[in-house]
Amino acid sequence: MAKIYKKTSGNGSIALYLGKRDFVDHVETVDIVDGVVKVDPAELEGRKVWVYLACSFRYGSDDLDLIGMNYRKDIWIKRQQIYPVVGTKPANTPMQEALLKKCEDQGHAFTFNIDNNLPCSVGLQPAPEDVGKACGVDYEVKAYIANEADDPDEKINKKDTCRLIIRKIQFAPGTIPAGPQADISKNFMMSDKLVHLEASIEKELYFHGDPIPVKVKINNETAKVVKKIKITIDQTTEVLLYQADKYTKTVLNEEFAEEVKGESTLEKTFTVIPLLSNNKEKRGLAVDGRLKDEDTNLASTTLIRPGMDKGMQGILVDYKIKVNLLVSSGGLLGGLTASDVGVELPLVLMSPKPADVPVE
């Protein structure tokens, strides 16, 4: 095991161990969350040790809690009693066996199964001046000392807890369908001739950071001039839990000075790459869940399976490529009488499946 993730409570009585912090959603199943809690019974004073796994939606900064506002909503939560041991436990996984060796005779294994209809980890990018935790969906494993698993009247001291944030992630499927195509024909005032625009991409899905070739075909039957071609990629984010909130942010905007004169054609491929590094200042942009301050990327497209409850997803993300032509009449007033001809293409952005992730 290359790395062990460990958090110890403030009083030193319990410590939480995990062998990894990324858990893969394979569509039909999700990696089990298997870990170990080390317990020193000397300071428990008759209390019990519990562990929970929670999927939560955070929609404000920690500061809100100081004025009595709840800034966190649990979407899903499971709890287990770790100590004293009750009932029968499933057989230990190889990961747990390795972790238990670190704890000697004080280790207690736990296992959680994440429902496959729960959202993947995703956050909303804060502004540069914002402090505290970002809004979004996250997963937390927490061990704590208490008399009961979830008694609202029992106050749990922070020094009696330890927690680790984990991520539920999803990789691109092995089979990627062919890409979409869109076309439009538009005529203009005082003319029965048309400008035809067709745009397409080779495949439906692209990996974060990969070039996206956009094939553009233009047939300009009019006397007007296509002055330039603009390609944009928009991210649409729908926040479902705390209010009906849907907004769109442009993550790529490029213009190409390709002139198509009247009664002529153009067929050309333009390559674009939407990157988070070019959008660092955009507050509220959806990004894949991150651990601490590590690098991440634009949020992956949310894949909704048949029968899945959209309301459980917390945040939905999708993308569109827009291809627009600026068509001018030419002459001195050409710029003042310009108009757009445009089409849209759906785009799926995801991360590739690493070679060490087994196919389910």
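Mentor: Let us begin with S1 and strand S2 (residues 14-18): they run antiparallel and are joined by four bridges. Two strands count as paired if DSSP finds at least two bridges between them. Strands are DSSP runs of E with at least two residues, helices are runs of H or I with at least four residues, and both are numbered from the N terminus. Look at Thr8, which stands opposite Ala15 in S2.

A word on the source: this is a predicted model, in which local features need pLDDT of at least 70 and side-chain atom pairs count only at pLDDT 80 or more, while totals for chains, interfaces and linings use all residues. Residues are numbered from 1 along each chain as its sequence is written, and side-chain values use heavy atoms, leaving out hydrogens and water.

Now widen the view. S1 and S2 belong to an open sheet of four strands, ordered S1-S2-S4-S7, with antiparallel pairing. At its edges are strand S1 (5-8) and strand S7 (107-112), and each of these pairs on one side only. On average, neighbouring strands of this sheet are turned by 20° against each other, direction ignored. Axes here are lines fitted to C-alpha atoms, for helices over the stretch in contact, and angles run from 0 to 180 degrees between N-to-C directions.

Finally, see what packs on the sheet: helix H1 (residues 94-103) touches S2, strand S4 (33-39) and S7. Contact means heavy atoms within 4.5 Å. The direction of H1 makes about 15° with that of S4.
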